[in-house]
Amino acid sequence: MKELTNEILNNLYVCMVRIRLFEENAGKLQENGKIPGALHMYVGEEAIAAGVMAHLSDQDQITSTHRGHGHLLAKGGEMDKMYAELFGKVTGYNKGKGGSMHISNLEVGMLGANGIVGAGLPIAVGAAFSNKFRKTDRVAIAFFGDGASNEGAFHEAANLAAVLKLPVVFVCENNGYGEFTPQAQHQAITDVADRAAGYGMPGVVVDGMEVIAVYEAAGEAIDRARKGEGPTLLECKTYRFYDHSGVRGMGFNYRTEAEVERWKKRDPLDLFKQHLLDQELMTEADAAALADSIRQEVEAAIEFAENSPDPDLSTLLEDVYTN
Amino acid sequence: MATMSMVQAINSALDITMERDQNVLCLGEDVGYFGGVFRCTAGLQEKYGQHRVLDTPIAEAGIIAAAIGMGVNGLRPVAEIQFADYIYPAFDQIVSELARLRYRSGGEFFAPVTVRAPCGGGIRGGQTHSQSPEGIFTHVCGLKVIMPSNPYDAKGLLISSIEDDDPIIFFEPKRCYNGPFYGDPHQQAVSWAGHPKGEVPEVYYTIPIGEAAIVRPGSEVTVLTYGTMVHVAEAAIEKSGIDAELIDLRTLLPLDIDAIVESLQKTHRCVVIHEATRTSGYGAELIADIQEECFWFLEAPIVRVTGWDTPYPHAFEWHYFPGQERIIEAMKSTLET
C-alpha cells in the first residue's frame, strides 16, 4: 500500500470537497428544474470514493451504482463533461445518452453508474477476469449498497470471484437504507461483510465516514487483489445526507430528523478537515482557498454544460449497433 | 469437406476462432472439463487451457455479466447457456447491460459477447428444457438474434457472430444437433450424413449475419421459418405437392426483409412458422413487417403455424409441436383464398 503521505492526505481532501460541491450544485440545478430526471447524490459518502480511488490508476476499473457521480469524480472524471451528461448535452461523457444513472467513461476506468441495483458487481468480476487473463496487476472494484447485497447478482459475483480467485474488491457502501427501507427490515444481519464468509473471502467492516480508515482498509484489499490473493468484501458504514433521490426527495418521513442530524455530526468532510487542522497539515485559510477554487471549477463546468448544444436528433438511432 | 453434425460444426467454429484469435474464450456450465452437456465444447479445454475454456458455477446472470466485463476489455467471450430455458436468470444482464452498453456510453464501449443457447423441443424435455424464447430477444434493440437450421450454416454463422462487435444471441435448435428432424417422432432418427448441409468445410468460412437463404424455390406460396421447423416445412411441402418457396431466415434480427419482399412479389401468399408459442411471438413481428412492405400485392391473409399458447407440454408434445399436417393445412388455406 502507498504510504499515507501529506500529498495523499491533501488529494483525499480535495477529492472529497470536489464531490461535495459538485453534488450540492447538481442538487440545486435539479431543484430549479434545469437538470431533468432523478439524481442520486453522494453527499455524506465522499470518504469512500476518495479513500478507495486513491489506490487506483486509470487502468484499474470500477463499476458503480445509482449513486455514481462521486465515483466518477474520484476516478478522474471532469466536472464539465459530467454536468453536460446530466443536462443531456452532446458534450457530456456519453453524448447525453446515458444521464446521471448511466454515466461512464472508459478512459478513466469507470464502467458505468447503473440504474439496475446490483448489476455492476458481476460485470466487475468479468473485468477482473480479463486483468488476470492478460497477466496484469490491474484490479476491478465493484461499488454497491446494502440493498444490492440482497440481489442474486451480488451472490453470483461473490462466488465466481472467489472460486476463480480474481483481482476484485467488492466495496459495500452501507448507508442503512435499500432505497427507502431500513437495513433491519431488508436483511437479518447488521454487517453485510458477514456474507463474505459464505464465499470464502475476507469480510472487513470499516467506518465509512473516516477517509483514512477507508484508505487503509481499501489499500489492504486492493494489495491482496493485485498480488493474486483473490477478492475481499469491504463494507463501509455510511449515510446519505440527501434523500435516496434528489436533495429532499419526495418528502416522506421514513427516517427521523434526529437520525439525520446524528449522522451529520459525523460528516466525513468535517471529520477529515478537523484532522488536517489538528495535524497542522492545513489552515482554515487553506481550506477556504481550496473551496473557492473548486467553486470556480464548478461554476465553469456548469456554464460549459448549459452553453453546450443538445445532441442532434439525427443521432437518435446511432450507437444501438456497430455503425 | 467433411460430414459434420451441428454439434461438430459448432465445435469446429469455436476451435477455429480460438485458434485464430487469442481473445476468444468460452465460458459456461460444464463446458470445460466435461466438454458441454451437448458436447459442443468437447476437447477445447484440453487444447486451449482452463483460462480459455472456463467452467463456471451454475449462475447464469454471473456468466453473462462476467462475459460483459471481459468483452469491454477486448476479449471475445462465447458464453454458453446450457439450455435456452436457463437464460431467464441472465435476462437482466442481457437486456439492461449487454444490449445497451454501446448506446448509453455514447458509443465509447461495448461488449462483443456471443451467447450460445440450445433451444427448442421435440426432445421430451418438458416445459423447462424445450423453450424457444427467440421472440423475447428480438424485442431487444442492441442484440442480434440468430438461429441456424443445419451444420453448414451453424458453423459459418457462429464464426461471424464471434467476430461481430455487437452482442449476439445464438440459438441452436437442439432437436437438429445430430440430424435433421422432419416432424415425425415415430420415424427413425437420421444423421446429417447425406444431407447437403451436413457437408461442412473443416476450414474457416463465414456466413453473413442478416441474410436469409432460399431452401427451395417455388411460386405458389412463401413459407418463412427457421431452426428445426425448416426441415419440417420442407418435408411438408414435399408431401403436399404445393410449389412453395421455403425461406430459412437464419438471422431473425436484423431481418432480411428484402429476401422476403422479393419472394412475396412472386408468390403473393405467405405462411409463417415457428415452434415458439403464438401470442406476441416472432411471427407476429414478421407478419407486421410483411404487411407494411407487401400489403398491395398480397392475395390472401398471412397464416401462422406455431406452438400453442401453453407451457411446453410433456404429455402432448406432438400436439404442441407444429407438425407437417398443420403446415400443409396452412398452405392450402392461403391457396384457397
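Modeller: Start with patches. They are built from residues with over 30% relative accessible area and no salt bridge, like charges being joined within 9 Å and nonpolar side chains (Val, Leu, Ile, Met, Phe, Trp, Tyr) within 5 Å. A salt bridge puts a side-chain nitrogen of Lys or Arg within 4 Å of a carboxyl oxygen of Asp or Glu. This is a predicted model, where local features need pLDDT of at least 70 and side-chain atom pairs count only at pLDDT 80 or more. Residues are numbered from 1 along each chain, and chains are lettered from A in the order in which they are written.

Biologist: Which residues gather in a patch of negative charge on the surface?

Modeller: Asp and Glu count as negative. Here the patch holds B:Asp258, B:Glu262, B:Glu285, B:Glu292 and B:Glu293. Helix H9 (257–267) and helix H10 (282–294) of chain B each give two or more of its residues. H10(B) gives the largest share, three residues. Helices are DSSP runs (H or I, at least four residues).

Biologist: Is B:Asp258 buried or exposed?

Modeller: Buried means under 20% relative accessible area, exposed over 50%, partly exposed in between (1.4 Å probe, protein chains only). B:Asp258 counts as exposed because its relative accessibility is 56%. B:Asp258 sits in helix H9 of chain B.

Biologist: Why does A:Tyr93 count as buried?

Modeller: Its relative accessibility is 11%, so A:Tyr93 counts as buried. Contact means heavy atoms within 4.5 Å. Leaving out residues up to four places away in sequence, A:Tyr93 touches several residues, including A:Leu72, A:Met82, A:Ile103 and B:Ser105.

Biologist: Which residues make the nonpolar surface patch?

Modeller: A:Phe180, A:Met250 and A:Phe252 make this patch of about 350 Å².

Terms used
Side-chain values use heavy atoms; hydrogens and water are left out. Accessible areas come from the Shrake-Rupley method with a 1.4 Å probe; for residues, only the protein chains shown count as cover. The place of a charge is taken as NZ of Lys, CZ of Arg, CG of Asp or CD of Glu.
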